[in-house]
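I opened the notebook to log what I looked up in this model. Entries are grouped by topic.

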Amino acid sequence: MAQVSIKIDGRPVTVEEGSWILDAATSLGIEIPTLCYFKYIKPYAACRLCVVEVWDKRGRSRVVTSCNYPASDGIEVLTHTPRVVSARRMNLEMLMSRCAPLPVLDELARKIGVTTPRWGTGTDTCVLCGLCVRVCDEIVGAQALGFASRGISRTVTTPFEVEAEACILCGACAAVCPTGHICMEEAGGREIVHSEIVLGPNAAITVPSRQAVPNVPHIDPETCVHFRTGGCQVCAAVCPKECINHDDVEREEEIEVGTVVLATGFRDLDPSPLKQYGYGRLANVLTSMEFERMNNAAGSTNGKVVMTNGQEPRSIAILHCIGSRDENSHPYCSRVCCMYALKFAHLVKEKTSAEVYQLYIDLRAFGKGYEEFYQRILTEGVNIIRGKGAEVVSAQPGDPAGKLLVRFEDTLAGRFRELTVDMVVLCTALEANGDAKETGRRFGVSVGADGFYIERHPKLGPVSTPTDGVFIAGACQGPKDIPDAVAQGAATAALAMSLMVRGEVEMDAACAVVDEERCSGCRMCNDLCPYNAISYLEEKKVSTVNPALCKACGTCVAGCPSGNIRALHFTDEQIYAELEGILQ
Amino acid sequence: MSFEPRLVGFLCNWCSYTGADLAGTSRMKYPGNLRVIRVMCSGRVDPNFILEAFSRGADGVLVCGCHPGDCHYAEGNYKCLRRLALVRRLVQDMGIDPRRVRLEWVSASEGARFTGVVTEFTEEIRALGPLRLQEWHFDHAAADAQLVHE
């Protein structure tokens with residue numbers, strides 16, 4: 001497209017020939033009022049508030065709508081002449097005479113200088129700008145809305161004024177409607193706000209959370225209009241870096257690597273099967289993870305500790321060891337709960353005036369600075385009671401959101417006690433991921449009775465596994481706090497690097513050898529080898545073992561019918577000698 | 001004096017030997033009758049080893065490998081499973097109770113299972129009594145006579 005020079009209010013600007021004057025004016029920062037303009041759809045000139053005066057090269061002037069007047073070389077545009085202002089006032093007054101008093105019209109009236117509309121005000125809330133109709137057609141591609149009737153009866157409606165089957169409930173019409181004539185109802189518990197730039201918590205493009213890694217927005221294909229109609233793609237048009245690619249698809253990639261670090265982490269125990277704690281039934285019984293999110297400034301309550309009714313709790317019981325150190329669930333200690341429970345107490349004391357009760361079996365403040373933190377919590381007026389919470393029930397039967405009754409045995413006082421509190425936090429166990437065993441099997445790492453990966457040696461090989469080149473780090477090896485997980489992560493990185501830097505792998509001298517002098521060439525061993533390390537030499541009519549492929553399991557040694565495969569380790573002679581020794 | 005069976009165990013390096021090690025480091029108790037020989041894989045257990053053990057005076061032989069699907073060498077334990085089925089028939093033909101040869105899967109984390117297996121096997125062999133293979137005398141003359149008779 002050719003570039004043309006135009007002047008707007010005396011300021012020269014170079015734009016593409018045929019582009020709209022309104023865009024050029026906006027780029028210069030000149031404000032032109034409009035109701036029916038939306039950058040990503042075709043201009044429509046319905047509201048006629050964007051009128052400007054255009055002088056052509058021959059000295060003739062016209063009042064035109066700037067939103068759909070193309071720029072051509074040498075024209076001069078004036079946006080605030082008395083002629084323009086008078087036309088705008090007239091158009092706005094006519095709109096106002098049709099419509100009920102609307103905030104958006106009042107705002108425009110203030111800007112343009114209309115004090116009392118000459119022809120009074122009407123009752124309609126639709127300004128007939130057609131944004132909804134055009135967005136639905138051009139962007140969404142659903143064509144669920146249209147105009148009906150003419151003249152003063154003209155309305156926006158669905159075809160035949162019945163519920164449109166074509167509507168996909170995207171909410172784009174409501175988002176662009178300048179007056180609020182179209183609005184979204186809570187449908188299916190999820191209101192969809194879909195508009196340019198302003199991305200609400202329910203928008204199709206969101207950053208999952210403020211701490212998300214990587215911290216970039218992602219598109220939810222369930223709600224994104226493009227994936228339902230093939231239209232829209234406004235986000236791609238807005239993005240200045242052209243980062244958005246709607247055609248990208250999920251794909252599997254194969255990467256060849258020399259070392260693998262398993263850092264698959266843990267999962268939080270779901271306390272709902274432990275019916276005695278009422279989780280899921282009683283509204284103010286939370287898991288520690290939910291309470292942690294609540295305390296987070298970026299969380300659901302912006303960091304405020306509140307009950308479901310929105311009020312601050314006056315008492316909170318924190319129950320330790322839910323699902324851990326429990327014969328009926330996990331026998332092991334989850335290691336991190338004592339300290340985060342103390343942290344919770346500290347946070348609650350800082351933010352609210354609530355009473356805090358800690359119900360513990362044993363307090364394990366084992367790390368650097370932990371005991372000191374525990375001592376500090378003791379001075380903050382937290383009630384620390386030795387005794388595991390046995391049961392949480394509603395203190396007001398029939399009201400699951402009401403006060404809660406916690407029953408436990410105070411093992412220091414030696415008697416059963418009850419506490420009435422507003423909120424209960426369950427410190428749930430850290431458990432192994434459900435698919436840890438399957439993942440481990442792929443890498444030759446076995447899981448222990450607790451479901452976590454077993455290291456090669458508890459003291460001398462804490463991050464190594466029986467499979468060379470495969471390491472484990474973090475909570476997949478066992479419940480672990482952040483410093484320990486970081487230390488393990490660094491250790492695995494160093495071990496992996498030391499393998500990779502060397503560039504070559506040392507292999508065990510252990511392997512099987514065929515005595516070619518005596519091999520009959522029966523080829524029985526060829527199929528026995530799970531690594532295809534044994535091949536048959538046609539010219540010599542014997543089998544041979546490739547030492548680079550041999551993993552030294554010895555299956556072929558035991559399988560050779562003539563006993564002519566020898567293991568270089570665990571030889572037959574050694575084993576017979578062992579037998580002789582132990583059976584003397 | 002009660003009979004103390006002499007048992008030989010062939011344990012695979014990756015699962016069962018580690019499991020036995022775990023039983024030890026966890027201070028679990030099991031009868032001392034089993035003498036363990038480590039092999040890299042249960043697939044390494046040559047049937048001759050088992051026969052040799054009996055001929056040298058063992059009352060029972062226990063072979064332990066990884067659980068099916070968990071073999072460090074992919075499928076050595078399946079090879080072992082096949083061979084042990086044949087060994088059992090072979091020893092039966094020889095007049096040895098096939099219960100004296102046992103195959104069990106013990107993983108690296110199953111220290112408790114290992115002690116259970118050893119205890120159970122020891123009790124079973126104790127109930128079966130001593131094998132006394134070295135005291136057996138094969139009556140060649142009687143066998144020949146029977147052949148002629150047939």
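**Entry 1: contact between the chains**

I call two residues in contact if their C-beta atoms, placed from the backbone, lie within 7 Å. I then looked up which elements of chain B take part. Helices (H or I, at least four residues) and strands (E, at least two) are DSSP runs, numbered from the N terminus.

**Entry 2: source and confidence**

I am reading a predicted model, in which local features need pLDDT of at least 70, side-chain atom pairs count only at pLDDT 80 or more, and totals for chains, interfaces and linings use all residues. Residues are numbered from 1 along each chain as its sequence is written, while chains are lettered from A and ligands numbered from 1 in the order in which they are written. pLDDT is the predictor's confidence in each residue, from 0 to 100. Chain A has a mean pLDDT of 89, with 96% of its residues at 70 or more. Chain B has a mean pLDDT of 89, with 93% of its residues at 70 or more. I noted ipTM 0.89 and pTM 0.66 for the model. Where does pLDDT stay under 50 in chain A? I found this over residues 187–201, for which the model has 31 contacts beyond four places in sequence.

**Entry 3: chain B**

I count 5 helices and 4 strands in chain B. From the N terminus on, its elements run β-α-β-α-β-α-β-α-α. A residue is buried if 20 or more other C-beta atoms lie within 10 Å of its own, exposed if 12 or fewer, and partly exposed in between, with C-beta atoms placed from the backbone. Of the 150 residues in chain B, 49% are buried. Among contacts in chain B with a separation of 6 or more, 80% join residues 24 or more positions apart.

Next I checked a helix pair. How do the axes of H1 and H4 of chain B cross? Helix H1 (residues 16–25) and helix H4 (residues 111–128) of chain B have axes that come within 7 Å and cross at roughly 95°. H1(B) and H4(B) are therefore roughly perpendicular, a label for angles of 65 to 115 degrees. H1(B) brings B:Ser16, B:Gly19, B:Ala20, B:Leu22 and B:Ala23 to the contact, and H4(B) brings B:Gly111, B:Phe114 and B:Thr115. By class, I get 4 nonpolar, 4 polar and no charged residues there. Axes are lines fitted to C-alpha atoms, for helices over the stretch in contact, and angles run from 0 to 180 degrees between N-to-C directions.

**Entry 4: chain A, overall and sheets**

Chain A has 15 helices and 25 strands. Buried residues are 31% of its 584 residues.

I traced an open sheet of 5 strands with parallel pairing, in the order S12-S19-S13-S14-S15 (chain A). Two strands pair if DSSP finds at least two bridges between them. Strand S12 (285–287) and strand S15 (383–386) of chain A are the edges, each pairing on one side only. The twist averages 20° from one strand to the next. Strand S13 (residues 315–322) and strand S14 (residues 355–360) of chain A run parallel and are joined by 5 bridges. A:Ile318 stands opposite A:Gln358 in S14(A). Helix H9 (residues 337–351) of chain A packs on this sheet and touches S13, S14 and strand S19 (423–428), with its direction at about 175° to that of S13(A).

I also traced an open sheet with mixed pairing: 5 strands in the order S2-S1-S5-S3-S4 (chain A). Its edge strands are S2 (11–16) and S4 (61–65) of chain A. Here the twist averages 35° from one strand to the next. Strand S3 (residues 51–55) of chain A pairs with S4(A) in the antiparallel sense over 5 bridges. A:Trp55 stands opposite A:Ser61 in S4(A).

**Entry 5: one lysine**

A:Lys437 is in helix H11 (residues 436–443) of chain A. Is A:Lys437 buried or partly exposed? I found A:Lys437 partly exposed, because 15 other C-beta atoms lie within 10 Å.

Terms used
Angles under 35 degrees count as roughly parallel, over 145 as roughly antiparallel, 65 to 115 as roughly perpendicular and the rest as oblique. Ala, Val, Leu, Ile, Met, Phe, Trp, Tyr, Cys and Pro count as nonpolar, Asp, Glu, Lys and Arg as charged, and the others, Gly among them, as polar.
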